[in-house]
Amino acid sequence: MKPHHVKLTSGKDLHAGHFVAEFKETIAPWFEPATDATEAKIDQLLDGLGCLSDRPSSNAKLRVLLSSFLLQAQRLQDRIDRKGGSLLIGWPHDESYWRIRSQVGYKVAKKLREALVEHGWMVHAVKAERDLMRDDGNCHGYLISDDVISKGSGLQFQSNRDLIYATKIKHKGKAVNTKVDKAIDKRTEALWDIWGRSPLTYGDQKMSVATRTFGDKALKKGGRFYGPWTTMPKAQRLQCTIDDRQVAEVDITASHPTLLMSISGKAPFQGEFTDPYQIPSLDGIDRGEIKAVINSAIGAGKPVQTQQTRLTRAEGIGKERLADIRKIIIPAYKCLEALRKKDSKDEFYSEHLAWHEVEIMMRVVETLQQPIFILHDCLICQRDTAKDVGLVLQNTFTSYCQENGWTPIKPAFTIEYLTENTAVEDPYEGEFPS
């Protein structure tokens, strides 16, 4: 394959005319052997690759990296079975990536990568060039051999927490620190303790660790959790268990618009509501179109979004249609006017709203002290506790709004779960005070 402009994380086209290799998986040290038998098998594979050494610390890092590689290869194969594609995995070559994002270290990552290539486990397929958006391209693509998938079959893995940093910062697109704040690290690690006692389990994977990633040094942008379950397809997540019990997802309906309504004190409805994206006065505009235009405005930090975005393109909204929808939506959703306040102390675009969103989600888990896994504006919990979790989420959201001096909205939420392998979604009403 010829060189392409490559993003480090998955995404769509950045600019017209430029192909972007979209990595569904980028190598990360998420997993380690869960049993002695699996550790022995991993050591056997490492020995065959010529990687084992007389340094226990290096061997421990290699076990984690190879375990993660095998599981990520399986995840890619699962995706191929469902949607097609290829066994292409992203592998960063940059030294700072491995120093800043984990404790694996560049030398260990390079050693395993070169051994995998030498022994035919994968081949270099996509060369990283200058990243068009961040000017720091470093992630190459490797095509995994088909016969690698079977090497991880029957092995049992669990989340590794020794080599993963609890907190990371991306400042202007680059990770800039490791241990950014001890108090925040301890808070994240306390969640890991809760999750570790009752992991989220899918097949032979036991997941209990996710890194919290901020978008600025002030730790006021982003702060979302990223881990193995955050990139799983929903169909697989709903097949997971916690303590051998079926899971459900408790999802705030339109989290960012609801937060924006609370902050601004303006909503297109009064009293009870089920879905902020559907209001009677907007007949003739599809819900998906409304959602795409509103979230594009929030993402851009301005109500008048004149250019197409990834969200609007996905809904098939052309420029003329965008202009027509915008003329109707902006007067209806007066909360969008808050996005004009770019020079005020409060910035209302998505990364700031995400910070509030995560804070609310963390408080729910900390209050209940139950194995409830955070996925952005969604909580994954045992199905038989889902309604109670949803009600606590509503109360936590309302009290958080009151604490900040905003309009105390009770958000709408849904509970989604599997019944006989079919996804079922139960809606629960929210309320905007009259």
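1. In this predicted model, R237 is buried, its relative accessible area being 9%. The side chain of R237 forms a salt bridge with E249, in which the closest N and O atoms are 2.7 Å apart. The pair links distant parts of the chain, twelve residues apart: R237 belongs to helix α6 (residues 234–237) and E249 to strand β15 (residues 245–252). E249 also counts as buried, at 2% relative accessibility, because the cut-off for that class is under 20%.

2. D384 lies in the loop between β18 (378–382) and α12 (386–403), so its pairing with R245 ties together parts that are 139 residues apart in sequence. As to accessibility, D384 is exposed at 56%, while R245 is partly exposed at 35%.

3. R321 is partly exposed, with a relative accessible area of 32%, whereas E289 is buried, with 11%.

4. Beyond these pairs, one network is formed by salt bridges that share partners; its members are R187, E359, R363, E366 and E403. A search of the whole structure gives 16 salt bridges.

Definitions and conventions:
Residues are numbered from 1 along each chain as its sequence is written. This is a predicted model: local features need pLDDT of at least 70, side-chain atom pairs count only at pLDDT 80 or more; totals for chains, interfaces and linings use all residues. Side-chain values use heavy atoms; hydrogens and water are left out. A salt bridge is a side-chain nitrogen of Lys or Arg within 4 Å of a carboxyl oxygen of Asp or Glu. Helices (H or I, at least four residues) and strands (E, at least two) are DSSP runs, numbered from the N terminus. Buried means under 20% relative accessible area, exposed over 50%, partly exposed in between (1.4 Å probe, protein chains only).
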